[in-house]
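Welcome to a short tour of this model. Please keep the sequence and the 3D view side by side as you read.

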Amino acid sequence: MIFENTLTNLPIPKEFKEKAEKLIPPGEKVLFALLGDLNLHGHYGASMIAVTRGSVYAFDEFHKGGALNLSIGYIEEAKVKRMYGNAVIRLKLESGEQLNLIRFTYSVSALADAAAAFFENVAGGGEPEKELEMVAGAYEKMRLVCPKCGRKLSRAGSACINCTSKGKLAKKLGAYIMPEKKTLFFCIALSLITTAMALVPPYATKMLVDDIIPNKNIKMLLTVIIALAAAHGIQHSVGAVRGHHLRIIGDRTVARLRNDIYAKAQYLPMSFYDKVSTGSVISRVSGDTNNLQAFMLRVSQDAVVQFFQMVGIIVIMVAMEWRLTLLSLIPVPIVVAVARFFGKRISPIYRRIWRRWASVSSILSDTLPGVRVIKSFTSEQRAIKKFEDYNAEWLKEDVKASKIANIFPHTVTFFVTCGSLLIWGVGGSWAIGEINGITVGLLVAFLSYASKFYEPVNFFANLNDSYQSALTSAERILDIIDAEPEQNKEDAIEVGRLKGKIEFKNVNFSFDKTKKTLTDINITIEPGEIIGIVGTTGSGKSTLINLLMRYYDNYEGDISVDDINIKDIDLQSFREKIGYVQQEPMMFRDTIFRNIAYSNPKASVEEVIHAADVANAHAFIAKIPDAYDTMLGERGVGLSGGERQRLSIARAVLKNPSMLIFDEATAAVDSETEHLIQEAIERLISGRTTLMIAHRLSTLRKANRILVVDKGEVIEFGSHDELMALKGKYHKLIEIQSMSLTIDNSQ
Amino acid sequence: MDRIYIEYDNARITKGDGILLNVEIYGGETFLNLEARRLFPITGLDRYITLLDEDGNEKAVIRDINNLMEDSKQAVLNAVNEYYLVPKITKILECYEKFGLMKMSVETDRGMYFFDIKSRYSDVKPLFDGRVLLKDASDNRYEIPDIRKLDKKSRKLFNSYL
Ligand SMILES: Nc1ncnc2c1ncn2[C@@H]1O[C@H](COP(=O)(O)OP(=O)(O)OP(=O)(O)O)[C@@H](O)[C@H]1O
Ligand SMILES: [Mg+2]
C-alpha cells in the first residue's frame, strides 16, 4: 500500500487515491499528502500533493492529465507564494522552468510552508526521513491547537474545552449575581408581600359594591377602608425597602462586572488589541455592563414576581368565575405571537445600534487624544463632520429600533384592551340578565384582576425585547471575559536574576496568515553581550523584540533565555527582569516622579532621583518649576521627545533589570541629547545582556556584535569588523551613513 | 520621484511568466515580469494598479484598467483576478453559531465552501453601499456584493449576525 502511515491534513478523496495508486510505483510510499482547497484556476475544489522519498505528485484537474510527477532532485527553489486570499506552492526547477504545484487558501498555508521547506532541504541533500519530522511537526501543530483560541488541545483534533464551555451564558453571568443570593431571596420574599397586597383592592371592591353598600353596612365599610389603607401602606413601605436593596445589588453587580472586564483587559494579549479598538472596549466597560445589570435584575426579580402575580390572579379569577377567566385568556396566544414576531425583527437592530455606537465611541477615543494633529491640519470641521456622520448613522438605527420598540407594546395593549371589552360585553350581558350569578361587583373586580393579569403577560412578552438587547451586551462582555489571556503555564518557572543568554531556534512568525514577518531566525546571544540590531524600516526588528517580550506567543520554533524556554517561565517574573525602552515611550497622566517610579512603585525617593540621574534626566527635571511633582498631560504631553525618552530610560534603571532592550532610544533627538542618552545607556549596561535597535549606526559603537535583519530574515550576524570585511548589507549601510556624515562635517 | 502612470495607449502590457506582466512603455523602457497589485483592493478594484518587480520596487502605476487598450486591459484583468481571490458569496446555505465561532456554508462564484468566522464584530464589515466584507479564521476574504440583492432565505440566515 502506498498510503501507509501517510501524514495528511484531510482524508484523501477516493478519486485521488485511485489516481495515485495508478501513478505511483507500488514500491514507493507516500510520506505525506497535502490537500488543498482550490484548483489552479482559483475555484474551490480538491487538489493534492503526495510526496514520496524522491518524488512529488501533484493532483489538480488543470495539470496535464490531472496529475504532475516530478523528481524532488530537480527542484531548485520551492516557496509558498502568498497572494490575496490564496497562495500557491511555486517551484523553480533546475531547467529554469517555473511552475505552480497546487493552489490553496490560507487555511493550509502553514502546511505548505513545511512542504516547501521539505522540497528544498531534500533537494539540497537532506535525509527525507529527517525532514519528514519537521513536516510532521507542522501537521501536528495544526491539529493540536484550537483554531479559535489558539490554546493547545488535549488530543489532536479534539474539541477545545475552553471554547466548548462558551455559550453557557446564563451560568457565567449568574456567577456575577450569585454573591447577592441572600439579598435576592430576601427581595423576592418582600415582593411576595407586595404582590399579595396588590391583590386585595379588587376583592374589596367586590365586597363594597355587592354587599356592603347595598346593605348600608357602615361598620363594615369602615373596616374594609381601614384594611385597604393598611394593605396600601404595607405594599408601599415594603416596596421601598425592596427597591433600596435591589439597587444595591445592581450597583454591586455592575461594579463587579466592570472590575472583571478591566482586569481581564489588562491580561489580554497584544494580538487582541491589534484587532479590537480600545473604543469598543471602553463602551463595553461603560455601556454594556449597565445594560446587562438591568437585565439580570429583571430576570432574577421581576420575572419571579410577575410569575407569582400571574399565578395568584389566575387562581383568584378561576375561583370567582371560570367562564369569564377562559374568555380573558383569549388574547394570550395573540400577545405571544406578536412578541415573537417583533423579537425576531428587533434583535439585529440592536446589534446594529451597538456597532454604530461603537464606531461613534471609537472616534472619540481615537481623535480626542490626537487633537494636536487635528489642529495642525486645521481639520476641526472635518473631524466634526465625521463625528456627525457616524452619529447620524447611529441615530438612523436608533430611530428604526424606536419605531419597532414602540409599535410593539401598543399593539399588545390594543389586543389586551380588546380582551377586556370582551369581558365587558359578555360579563355585562350576563350581569344584566342575571345569568350565572354574575353581579356588578364581581364584574368590576374581575375586570380589574384581568387588567392586572395582563401586566405579567405583557412583561413576559416584552422580556424578549430586553433579553435581546441584553444578549448582545452579554456577548460582547463575554467576548472579553472569555478571550484567551496571555498564556502563563501553571507550572511556570519563577526566575531570579537572569544571566542573559538568549537563543532563537527556528523561529517563524506572522501577525496574520497573509504574510510572514519573521523567517527562520536562528541566533544565540551570550550573557553580557551587547547586540546591535540594524535593518531597514519594517524589516522586523521590533517584532523580534515583541516575541522576546512574549507580547506575541503564536510563533513557531523556540525562544529560550538562560536555556529555559521563555514559554515555561512565569510571565511576570520574566518581564520583570527585562528593561525595555520602547520606540515610542509612553507616559501616563501623572507626576514625573510617579511616571519614573511606575516600574517600581516601592522605590524610595532617592532611588528615583538616582535613576533619573543615571538616565541624564535629573538635570532637566530639576529645572522645571514643579520638578518631580510636574503633572504630565495625557500620554506624557508637556515633555519633549528626548525628555520622555530619558524618563523611560530612568524607568528601566529603576527596575534594575537583568537584560536591557532599547528600541530606537535615540531616534528622535539631536546629537547632543543623543550623546546624553548614549551616556545614560552605557552607564546602565554594565554587564547586562543588551539588545539595541538603532538606525544611526554611530549609536552602536559599543556593540559586541551586530545583527542585520532584512525582510524578516537575519542576513548577517557578527562583529563590526567581521561584517565590514563581509562587504554585505552592513557595509553598505555604514558607507551610506559615513557619506552623509562627511556632508554634515563639511557644512 | 516621478512615477510613471500608464494610461490609454502609452504602454503595451502583455502576459509574462505565470501571473506576471511584461510592460513596454511607449518610447521608454520595457519591464519584464512585473506583478500587478491593487492599491485600493477594497474601494477601487479597477483603479490604481501598481506594477512591482521581483524585489517589490514599483515600476509604474496604471491609473484605470478600463482606459487601457483592449489587449492590455485583458492581460491586467487576468493577472489581478488571479492574484486576488475574494469569492463573491451568492447564496448562504448555513449560518449558525457554535462554540463562539460563526460557521458559514456558502455558495460563491468559485464554488461551494464553508468557513468559520472568529468574531462577528471585527470580522464582518457591512459597508454603506450594501457590500459586506468577511474575513475567516484563516484570514481569507469573502465578499457579499450586495446584501439587499441576496435571496430572502440567505438574508434571513445572515441578518441576525449582522
Ligand atoms: N501589529 C501588527 N500587525 C500586523 N503587522 C504588523 C504589526 N506590527 C508590525 N507589523 C508589520 O511587521 C513588519 C515588521 O515590523 P517591525 O515593527 O518589526 O519593523 P521594524 O524593523 O521595527 O521597523 P522600524 O525600524 O520602522 O521600527 C512590518 O512590515 C509591519 O508592517
Ligand atoms: Mg521598530
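B:Leu133 stands opposite B:Glu143 in β12(B). This is a predicted model, in which local features need pLDDT of at least 70 and side-chain atom pairs count only at pLDDT 80 or more, while totals for chains, interfaces and linings use all residues. Residues are numbered from 1 along each chain as its sequence is written, and chains are lettered from A and ligands numbered from 1 in the order in which they are written.

β11(B) pairs with strand β12 (residues 141–144) of chain B in the antiparallel sense, over 4 bridges. Strands count as paired if DSSP finds at least two bridges between them; helices (H or I, at least four residues) and strands (E, at least two) are DSSP runs, numbered from the N terminus. The hairpin of β11(B) and β12(B) has 5 residues between the strands. In the loop between β11 and β12 of chain B lies B:Asp139, which has a positive phi of about 70° although it is not a glycine. B:Asp139 is partly exposed, with 18 other C-beta atoms within 10 Å. By definition, a residue is buried if 20 or more other C-beta atoms lie within 10 Å of its own, exposed if 12 or fewer, and partly exposed in between, with C-beta atoms placed from the backbone.

On its other pairing, strand β11 (residues 132–135) of chain B meets strand β10 (residues 124–126) of chain B, again in the antiparallel sense, over 3 bridges. Here B:Val132 is the bridge partner of B:Pro126. The hairpin of β10(B) and β11(B) also has 5 residues between the strands, and B:Gly130 in it takes a positive phi near 95°.

## Chain B as a whole

Chain B holds 2 helices and 12 strands, in the sequence pattern β-β-β-β-β-β-α-β-β-β-β-β-β-α. Of its 162 residues, 30% are buried. Among the contacts in chain B with a separation of 6 or more, 32% join residues 24 or more positions apart; a contact requires C-beta atoms, placed from the backbone, within 7 Å.

Six strands of chain B form an open sheet in the order β1-β6-β5-β4-β3-β2, with mixed pairing. Its edge strands are β1 and β2 of chain B, each of which pairs on one side only. Within the sheet's list of strands, β4 (residues 30–38) and β5 (residues 47–52) of chain B pair in the antiparallel sense over 4 bridges, and B:Glu35 stands opposite B:Leu52 in β5(B). The loop between β1 (5–6) and β2 (11–15) of chain B contains B:Tyr8. This residue, B:Tyr8, has a positive phi of about 45° although it is not a glycine, and with 12 C-beta neighbours inside 10 Å it counts as exposed.

## Where the chains meet

How many residues of chain B are in contact with chain A? There are 26 of them, in contact with 29 residues of chain A. On the chain B side, the elements giving two or more residues are α1 (70–83) and β9 (111–117). β9(B) gives the most, with 4 residues.

## Cores

The largest nonpolar core has 65 residues, and A:Ile649, A:Ala650 and A:Met692 have the most contacts inside it. Such a core is a set of buried Ala, Val, Leu, Ile, Met, Phe, Trp, Tyr and Cys residues joined through C-beta atoms within 7 Å. Helix α21 (residues 641–655) of chain A gives the most to this core, with 6 residues. Domain 3 (499–577 + 659–670 + 694–747) and domain 4 (582–656) of chain A both contribute residues, so the core lies between them. The domain bounds come from an automatic or database domain assignment.

Leaving out residues up to four places away in sequence, A:Met692 touches several residues, including A:Ile530, A:Phe662 and A:Leu700. A second, separate core has 41 residues, among them A:Met48, A:Phe59, A:Leu101 and A:Ala112.

Helix α12 (residues 331–367) of chain A has 37 residues, which at 1.5 Å a residue should span 54 Å; its end C-alpha atoms are 53 Å apart, which agrees. The expected span is 1.5 Å times one less than the number of residues. α12(A) bends by about 25° at A:Ile346, and a proline, A:Pro348, follows within four residues. The bend is the angle between axes fitted to the seven residues ending at a residue and the seven starting there.

A:Leu199 sits in the loop between α6 (181–198) and α7 (200–212) of chain A. A:Leu199 and A:Ser448 are 249 residues apart in sequence and 9.7 Å apart in space, C-alpha to C-alpha.

Definitions and conventions: Two residues are in contact if their C-beta atoms, placed from the backbone, lie within 7 Å.
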